[in-house]
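Please look over the model below. This report walks through its helix packing, its ring pairs and a few loop residues.

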Amino acid sequence: MSLPRRLVSEALGTALLLAAVVGSGIMGQRFFEASGLVLLVNTLATAAMLIVLSLVFAGSHFNPAVSVVLAWRGELSWREVPAYAGAQVVGAIGGTLLAHAMFSRPLASFSRAARTGPGQLLSEFVATFGLLLVVRGTRAPYAVGLYIAAAYWFTASTSFANPAVTIARALTDSFAGIRGVDVPGFILAQLAGALCAVALFGWLKPKEAA
């Protein structure tokens with residue numbers, strides 16, 4: 001597939017993923033007062049959409065951390081990584097704006113949700129570390145979706161595990177949001193987790209990882 005087609009797939013897939021993440025959070029807040037129920041709605045919609053998108057856009061990443069790791073493994077040209085990351089970020093922002101439009105909210109509303117501290121950063125490291133282990137171990141869409149569903153609940157950060165998603169969620173003052181000031185720390189933790197996961201997997205299973 002040509003690079004322009006791959007980039008459109010990345011942008012469109014990431015947009016629909018963020019529409020599910022942000023939109024389900026807004027919908028959950030409309031129907032439930034308990035944050036636990038909102039999180040459950042958010043989890044189910046996100047995991048289901050991720051599985052569907054992974055099947056429809058097979059081979060797409062929707063995640064700059066995955067693109068960086070694939071370039072590190074020699075499966076993607078480093079020259080294409082900025083284009084992939086750009087398409088993913090643009091798509092993520094577009095999906096957030098789309099979710100706001102569908103629920104008649106201001107298109108962009110900067111988040112006030114504080115997500116800071118060692119526990120949050122460790123959670124993002126662990127969430128992304130586990131995600132990349134799953135991606136390297138099996139690229140089955142169901143496995144990725146199930147992992148994200150689990151990580152929503154066992155990490156304190158509710159598992160962003162994606163730099164593009166993190167940037168876009170700074171633009172929604174809803175359940176899914178994150179303060180802009182907390183974004184750089186999340187992204188650094190995510191990239192560190194991704195790289196550590198692939199390095200470990202390459203050592204544990206060198207034949208499968210080759």
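The axis of a helix is a line fitted to its C-alpha atoms over the stretch in contact, and the angle between two axes runs from 0 to 180 degrees between their N-to-C directions. Keep in mind that this is a predicted model.

## Two helices side by side

Two packed helices are described by the angle between their axes and the distance between the axes. Take helix H1, residues 3-31, and helix H2, residues 35-56. They pack at an angle of about 160 degrees. Their axes are 8 Å apart. An angle over 145 degrees counts as roughly antiparallel, so H1 is roughly antiparallel to H2. The crossing of H1 and H2 is right-handed.

Which residues of H1 and H2 make the contact? On the H1 side they are Gly13, Leu16, Leu17, Ala20, Val21, Ser24, Gly25, Gly28 and Gln29. H2 supplies Val38, Val41, Asn42, Ala45, Thr46, Met49, Leu50 and Leu53. Sorted by class, this contact of H1 with H2 has 10 nonpolar residues and 7 polar ones. It has no charged residues.

## Ring pairs

How many aromatic pairs does a search of the whole structure find? The search finds 4. Two of them are set out here.

| Pair | Centre to centre | Angle between planes | Kind |
|---|---|---|---|
| Phe125 and Phe129 | 6.0 Å | 15 degrees | stacked |
| Tyr147 and Phe154 | 6.2 Å | 75 degrees | edge-to-face |

Planes under 30 degrees apart count as stacked, and planes over 60 degrees apart as edge-to-face. The planes of Tyr147 and Phe154 are at 75 degrees, so that pair is edge-to-face.

Phe125 and Phe129 both lie in helix H5, residues 118-137. They are 4 residues apart, about one turn of the helix. An α-helix has 3.6 residues a turn, so residues three or four places apart point the same way.

How covered are these rings' residues? Phe125 has 26% relative accessibility and counts as partly exposed. Phe154, at 47%, also counts as partly exposed. Tyr147 is buried, with a relative accessible area of 14%.

## Loop residues to check

Most residues other than glycine have a negative phi. Phe62 has a positive phi of about 60 degrees, although it is not a glycine. Phe62 sits in the loop between H2 and helix H3, residues 64-72. Is Phe62 buried or exposed? It is buried, because its relative accessible area is 3% and the cut-off for buried is under 20%.

Thr158 also has a positive phi, near 65 degrees, and is a residue other than glycine. Its place is the loop between helix H6 (141-154) and helix H7 (163-169). At 14% relative accessibility, Thr158 counts as buried.

Ser109 is found in another stretch, the loop between helix H4 (81-102) and H5. Ser109 is buried, with a relative accessible area of 17%. What does Ser109 touch, leaving aside its neighbours within four places in sequence? It is in contact with His100, Ala170, Leu171, Thr172 and Asp173.

## A covered helix

H3 is mostly covered. Of its 9 residues, 7 are buried. These are Pro64, Ala65, Val66, Ser67, Val69, Leu70 and Ala71. Where do the buried residues of H3 pack? They pack against H4, H5, H7 and helix H8, residues 183-204.

Conventions: Residues are numbered from 1 along each chain as its sequence is written. This is a predicted model: local features need pLDDT of at least 70, side-chain atom pairs count only at pLDDT 80 or more; totals for chains, interfaces and linings use all residues. Side-chain values use heavy atoms; hydrogens and water are left out. Helices (H or I, at least four residues) and strands (E, at least two) are DSSP runs, numbered from the N terminus. Angles under 35 degrees count as roughly parallel, over 145 as roughly antiparallel, 65 to 115 as roughly perpendicular and the rest as oblique. A crossing is left-handed if the near helix is turned anticlockwise from the far one by less than a right angle, and right-handed if clockwise. Contact means heavy atoms within 4.5 Å. Ala, Val, Leu, Ile, Met, Phe, Trp, Tyr, Cys and Pro count as nonpolar, Asp, Glu, Lys and Arg as charged, and the others, Gly among them, as polar. Rings of Phe, Tyr and Trp (its six-membered ring) pair if their centres lie within 6.5 Å; planes under 30 degrees apart count as stacked, over 60 as edge-to-face and the rest as tilted. Buried means under 20% relative accessible area, exposed over 50%, partly exposed in between (1.4 Å probe, protein chains only).
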